[in-house]
Amino acid sequence: MWIHLNEKQYSKEMLLHMYENMLRIRKFETKLTECFMKGMLAGNIHTCVGQEATVVGTCQALEKRDFITSTHRGHGHCIAKGAKTDKMMAELFGKVTGYCRGKGGSMHVADISLGILGANGIVGAGIPIATGSGLTSKIRKSDEVTLSFFGDGASNHGTFHESINMAAAWKLPVVYLCENNQYGVSVNINTVTNTENIAVRAQGYGIPGITVDGNDVLAVYEAVKAAVQYAREGNGPSIVECKTYRMRGHYEGDPAAYRSKEVTEEWRKKDPIDRFRAYLLTLGIEDDELTAIEGAMDKEIEEATEFAITSPYPDVSEVTLDVYTSDNERSVIR
Amino acid sequence: MSKLSMSKAIREAIYEEMLRDENVIVMGEDMGRMGNPFGITEGFLDKFGPDRVVETPICESGFTGMAVGAAMRGIRPVVELMYVDFIGVAMDPVMNQAAKMRYMTGGQVNIPMVVRAPMGAGRRNAGQHSQCLETLFTHIPGLKVVSPSTPADAKGLLKSAIRDEDPVIFLEHKTLYAIKDEVPEEEHIIPLGEADVKREGKDVTIIAWSRQVLFALEAAKELEKDGIDAEVLDLRTLVPLDWEAIKKSVCKTHNVVIVQEGYRRSGYAGEIATQIMEELFDELDSPVERVAGLNTVPPFSPPLEDAFFPNSNDIVKAVKKVVNFKL
């Protein structure tokens with residue numbers, strides 16, 4: 001087990017990088033909601049507005065060579081792991097310049113070279129994939145760690161139990177990161193689960209588990225860093241649960257009428273970006289410096305959107321391309 | 001040439017591929033000390049160690065999903081479902097993950113995994129251990145599907161499947177495991193997507209795969225007595241389908257019977273019949289006939305089970321119907 005130490009020293013560079021990434025994600029997704037309202041985006045858009053501290057604190061604790069699996073709510077995970085916002089935006093616009101040539105869209109962004117083993121549209125499906133990546137590292141005796149993002153909803157899926165059981169039995173280098181935003185679409189976790197916290201289940205697998213304030217980016221960072229180190233040193237998996245809240249509906253267009261407005265307002269006061277900004281000011285970082293980052297992020301997202309809008313759609317001939325690696329033509333025609 | 005059972009031929013294929021490529025691993029239940037119920041991985045644990053002979057707990061969804069993740073990292077997992085019926089609890093990693101990953105990522109990743117699964121009726125295993133479910137897999141774009149009928153084909157096709165960059169479902173009929181036949185001793189590879197004429201004939205084409213090829217050959221022998229010369233085309237691979245071989249045979253015989261052990265309704269036989277009708281209608285002297293398993297639950301009681309799946313008598317009847325067809 002480990003605890004969060006408040007007295008840690010961090011480099012200014014790292015703190016500003018985390019602030020920048022949280023803003024990058026917030027502004028990226030805010031732009032998405034605007035574009036969706038204007039009818040510019042097709043499909044389903046699941047944002048992680050309000051959950052940026054969990055996303056950024058987690059990925060900050062990973063090395064470039066480490067792997068993640070993401071979820072249907074995965075824009076933040078990918079950006080925090082190094083994905084570029086222009087190629088992300090292009091993917092969400094269904095353009096050929098996107099990460100997946102427009103074929104995956106919001107729920108399937110992947111970049112293997114960045115260690116992103118894919119967002120996933122099936123709740124709980126990334127957990128065994130991450131575990132298989134952990135198995136690979138064990139077989140190859142290499143020291144990458146794989147981290148699986150999943151929500152409180154997925155924690156009740158069979159894949160959660162099956163995967164963590166195997167990872168624990170074989171000491172696989174995997175961190176199971178539960179983003180507990182308290183709602184699986186409309187269902188509150190407390191109405192379908194008998195324990196206050198998900199991480200207590202770790203005890204049943206004989207592995208460490210910890211629950212942290214998911215809106216405190218440094219608390220998340222410390223917890224995940226310890227979990228990553230534990231895995232990298234060959235001790236096996238652990239569960240880190242981040243308690244957070246999604247400020248918007250399940251997807252854009254969902255008014256989230258199933259939640260109390262009062263509770264949502266309480267969480268708004270705990271906005272992870274506002275909190276982190278206030279904390280950075282107490283450290284003596286100049287307001288101007290933070291404002292400059294905000295401006296730079298606004299500019300980046302505007303440019304990313306412009307890139308997406310002006311990029312071409314994939315040629316229609318691509319509709320059956322890449323279903324198979326070999327013998328594709330013959331295999332799709334019959 | 002030496003005579004090997006299909007289970008030994010399958011064992012040899014995996015063993016040789018594991019020797020050849022350290023990325024090849026096996027995963028599944030009872031793969032270790034027991035060496036699998038059919039002896040497929042006998043001796044593997046001692047030879048390759050527990051990292052490459054992954055003996056899993058009973059959780060098909062979890063370990064099949066793990067194989068997808070390992071494949072994304074360049075491992076070539078050969079996963080075993082103890083019975084294909086268990087795909088019911090492991091369909092998501094096959095259908096939504098392995099099959100779609102390459103396409104959804106715009107061609108970034110390959111999923112070079114094989115899912116091997118014993119299938120089929122005839123062993124009195126009842127409803128949940130006797131099905132032929134190839135149709136579930138042929139329906140899903142992104143999967144290749146193989147189902148051999150002889151030990152030599154099993155070995156050559158499995159080696160190709162393991163080397164293939166795409167997910168391959170490899171279906172092995174349980175009643176074929178113990179049947180011995182000649183298998184080449186030298187390196188033996190059969191490319192995926194090549195059908196094989198198991199018997200040449202001029203009057204009718206019997207298209208089959210897996211155990212039904214054996215019934216088709218028996219039927220052909222029986223039909224000889226009536227002067228009917230049947231060609232038996234063993235598809236071996238269902239996806240990709242060897243259309244050229246089908247076309248060649250149909251254009252020769254002009255009569256077609258398609259045989260599958262799986263349920264008749266929505267079966268792959270119906271798919272092939274439709275394609276023949278669409279593209280080779282002018283070649284046909286009679287409507288294409290299907291012989292298939294009944295639309296019922298595989299029963300336990302021996303006389304009931306024997307009535308459930310097709311055999312050579314059913315094929316003989318169907319052939320006589322098409323060759324005697326008159327407008």
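**Close-up views of chain B**

**View 1. H1(B) and H6(B) run roughly parallel to each other.** The crossing angle is roughly 25 degrees, and angles under 35 degrees count as roughly parallel. This is a predicted model. Helix H1 of chain B covers residues 6-20, and helix H6 of chain B covers residues 151-163. Their axes come within 8 Å. The crossing of H1(B) past H6(B) is right-handed.

**View 2. Residues of H1(B) meet residues of H6(B).** On the H1(B) side, the contact involves B:Met6, B:Ala9, B:Ile10, B:Glu12, B:Ala13, B:Ile14, B:Glu16 and B:Glu17. H6(B) contributes B:Pro151, B:Ala152, B:Ala154, B:Lys155, B:Leu158, B:Lys159 and B:Ile162. Ten nonpolar and five charged residues make up the contact of H1(B) with H6(B). No polar residues take part in that contact.

**View 3. Chain B, the setting of the helix pair, has eleven helices and 14 strands.** The radius of gyration of chain B is 20 Å, and the globule rule gives 20 Å for 327 residues, so chain B is as compact as a globular protein of that length. Its C-alpha trace spans about 65 × 45 × 40 Å along the principal axes.

**View 4. Burial and contacts in chain B.** Of the 327 residues in chain B, 59% count as buried. Contacts here are those between residues at least 6 apart in sequence. Among these, 78% join residues at least 24 apart.

Terms used
Residues numbered from 1 in each chain as written. Chains lettered and ligands numbered in written order. Predicted model: local features only at pLDDT ≥ 70, side-chain atom pairs only at ≥ 80, totals over all residues. Axes fitted to C-alpha atoms, helices over the stretch in contact; angles between N-to-C directions. Helix = DSSP H or I, 4+ residues; strand = E, 2+ residues; numbered from the N terminus. Parallel < 35°, antiparallel > 145°, perpendicular 65-115°, else oblique. Left-handed = near helix turned anticlockwise from the far one by under 90°. Contact = placed C-beta atoms within 7 Å. Nonpolar A, V, L, I, M, F, W, Y, C, P; charged D, E, K, R; others polar. Rg over C-alpha atoms; globule rule 2.2 N^0.38 Å. Buried ≥ 20, exposed ≤ 12 C-beta atoms within 10 Å, placed from the backbone.
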